[in-house]
Amino acid sequence: MNYLLHLIIIIELNLLLTCSLNIMVGYTGLLTLAHAAFYGVGAYITALLMVNLGFGFLPSLIFAVIGCVSLSVLISLASLRFRGDFFILTTLALQVILFRILYNWTEVTQGPYGITNIPKPRILGMDFNSLESFSLLGFLLTTIVVGLLILILRSPFGRTLQAIRDDELAAIALGKSVMSFKVRSVSFASGCAAIAGALYATYITFIDPTSFTKEESMLMLAMVIVGGTGNIKGPIVGAFLLTLLPEFLRFLAIPDSLSANLRIIIYGLSLIVMMRFRPAGIAGKYQFE
């Protein structure tokens, strides 16, 4: 039962990450390799505020979202001037830079030793220190965030993002401020990643930079592309599929030393197969060209 509850919590975290990443990738056409960096920044802000300053979970969560959104706006104004492959390389550089800051700024982040003893969430006098209660908290936050994303993406704002993705010049000709819409798209995605980071930090109660590497960004992107982009179903399918698929390796008696590498191989093969035979993903609407 504990194993099942742990899987549910991991799926909830991945749903938050894939649905938020889909705003950039599937709705705005911005292929990014830096989503894990914002996930990590959210986790670190939450952990530092709760451990060092004694903040509660909700204030820490709010500051984590504000911090990630502010950081994303600053970075967006510079990186969004690039397009296509150059934008992807810019986000990869950003991912590496933020990872190195987390790894080497030991006075604040404790570097490779990480931050330990992060308190479990406590909201309105209720402690979420068991797997059952934490999975309920994760379900509540995931439902709120995904519901909010659905409303946003069905609004005129979401339709404008799709117009920019499909034909940026036409959107400009219609008087849309493309840069403003892209910055807001990145901000929404980063804010949601911060919520996932806050949940992760308080669930594991220990974080270090190795949880927020470029490989994690690749995994999130694989979930979105395999599941499908351009609608809300695709990233949900991808999060479930690529979270559960490696778990079957546990039942094949494969040594732990091999299972981690095998998991990466599975993700890579999934990406290659999907891009070759079904570029729109399993349940996606938008097809990359």
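Guide:

**The surroundings of G111**

Apart from neighbours within four places in sequence, G111 is in contact (heavy atoms within 4.5 Å) with Y44, L102, Y103, T106 and P209. The model is a predicted one, in which local features need pLDDT of at least 70 and side-chain atom pairs count only at pLDDT 80 or more, while totals for chains, interfaces and linings use all residues. Residues are numbered from 1 along each chain as its sequence is written, and side-chain values use heavy atoms, with hydrogens and water left out.

G111 lies in the loop between α5 and β1; helices here are DSSP runs of H or I with at least four residues, strands are runs of E with at least two, and both are numbered from the N terminus. With a relative accessible area of 0%, G111 is buried; the term buried stands for under 20%, exposed for over 50%, and partly exposed for what lies in between, using a 1.4 Å probe and protein chains only. The C-alpha atom of G111 is separated by 22 Å from that of V65, the two residues being 46 apart along the chain.

Q110 also belongs to the loop between α5 (106–109) and β1 (122–123). Q110 counts as partly exposed because its relative accessibility is 37%. Its backbone deserves attention too: phi of Q110 is near 65°, a positive value in a residue other than glycine. Most residues other than glycine have a negative phi.

A positive phi near 65° is also found at T205, another residue other than glycine. T205 sits in the loop between α9 (178–204) and α10 (214–227). Its relative accessible area is 24%, so T205 is partly exposed.

The chain holds 12 helices and two strands, and from the N terminus on, its elements run α-α-α-α-α-β-β-α-α-α-α-α-α-α. Of its 289 residues, 51% count as buried. Among contacts between residues at least 6 apart in sequence, 78% join residues at least 24 apart. Taken along the principal axes, the C-alpha atoms fill a box of roughly 55 × 45 × 35 Å.
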